[in-house]
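Please keep the sequence and the structure in view while reading.

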Amino acid sequence: MKAYSLGLYEKSMPSELSWKEKLQAAKEAGYDYIELSIDATEEKIKRLEMTKEERFNLIRTMYEVGIPIRTMCVSALTKYSLGNDKPEYCARGMEILEKSIQLADDLGVRVVMIPGYDVYYEPSTVETKRRYLENLKKGAQLAEKAGVILGLETMENEFMNTVEKAMKYVVLCDSNYLKVYPDIGNLTNAAVLYQSDVLEDMELGRGNITSLHLKETVPGKFREIPYGTGHVDFKAAIAKAWDLGVRRYVTEFWYTGNKNWKEDLTFAIHMMSEILDEQTKGEQRAS
């Protein structure tokens, strides 16, 4: 049995595929699970309204194919941010968060990742930060009841682009069900910006990191950078995460119309599995 689990971000595959096709593609490539996306499109948000029958059918499909959905990325909370000054946006954000936790509970999803934004399209203020914390505490209470972990994703903005900043909110909320789910690409860009040590920043999350997003970046750019063409030191980052007790990882990249997208899945898993397998061997040698 492997000592780690490697997941695949759903949006690395064509959106028009059925869930069965996505699960099959991930399994064929060798992944252990899929990370489901609830982004800001109404199509994805509508997933939160799935009937009990639809939820059961999705679970059955997971079992039939032989690979589960085990994490969820709720990036809809970028648009409908928890600290938003617009009451209707903030209220919808809380509704999305609550329903995401409910869906996770029903599907067997372990971690619901939420973006570290008090606001995204509007200016961050003392009031938006206060409101964000207030609503994050409410979200943590909902997670506690469901037994689902919330993971704060480190983003590309000043508000929460490091583990250190995310840990501030973990401490302030003081919940066993609110942790940090870092994005190593975003952390690497922040380290360049601040002239700081990305591995030292990761250390500040010891005991509070659920998983690690394995995403490539270049300075100032945060999306759609092919693996191996950026500046992220995946080997060092994974070694540090392993030392911190992290055993769950997700390759985060996007389908952009490439006809050979399945090859991209295979390339990513081979690249990351090679590094993760080395950690396993190193641990076995040490013992």
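Leaving aside neighbours within four places in sequence, L152 is in contact with I114, Y132, L136, M160, A166, Y169, V170, L178, K179, V180, Y181 and P182, where contact means heavy atoms within 4.5 Å. L152 belongs to strand 5, which covers residues 149-153; helices (H or I, at least four residues) and strands (E, at least two) are DSSP runs, numbered from the N terminus. With a relative accessibility of 0%, L152 counts as buried, a word that stands for under 20% relative accessible area, while exposed stands for over 50% and partly exposed for values in between (1.4 Å probe, protein chains only). The C-alpha atom of L152 is separated by 13 Å from that of L187, a residue 35 places away along the chain.

The model is predicted, and local features need pLDDT of at least 70, side-chain atom pairs count only at pLDDT 80 or more, and totals for chains, interfaces and linings use all residues. Residues are numbered from 1 along each chain as its sequence is written, and side-chain values use heavy atoms, with hydrogens and water left out.

G151 is also placed in strand 5, and with 0% relative accessibility G151 counts as buried. Not counting residues up to four places away in sequence, G151 touches V111, V112, M113, I114, K179 and Y181. Between the C-alpha atoms of G151 and N260, which are 109 residues apart along the chain, the separation is 32 Å.

Where does S211 lie? S211 is found in the loop that runs between helix 9 (198-203) and strand 7 (212-214), and at 0% relative accessibility this residue counts as buried. Beyond the residues up to four places away in sequence, S211 touches V111, V180, Y181, P182, V246 and R248. The side chains of S211 and T210 are joined by a polar contact of 3.0 Å; such a contact is a pair of N or O atoms within 3.5 Å, in which, within protein, one must be able to donate a hydrogen and the other to accept it, and residues adjacent in sequence count only if both atoms are side-chain atoms.

Most residues other than glycine have a negative phi.

Turning to the whole chain, the protein has 11 helices and eight strands. Its radius of gyration is 18 Å, close to the 19 Å that the globule rule gives for 287 residues, so the protein is as compact as a globular protein of that length; the radius is taken over C-alpha atoms, and the rule is 2.2 Å times the number of residues to the power 0.38. Along the principal axes of the protein, the C-alpha trace spans about 50 × 50 × 40 Å.

Of the 287 residues, 54% count as buried. Among contacts between residues at least 6 apart in sequence, 77% join residues at least 24 apart. The accessible surface of the protein comes to about 13,300 Å², of which 50% belongs to carbon and sulfur atoms, and areas of this kind come from the Shrake-Rupley method with a 1.4 Å probe.
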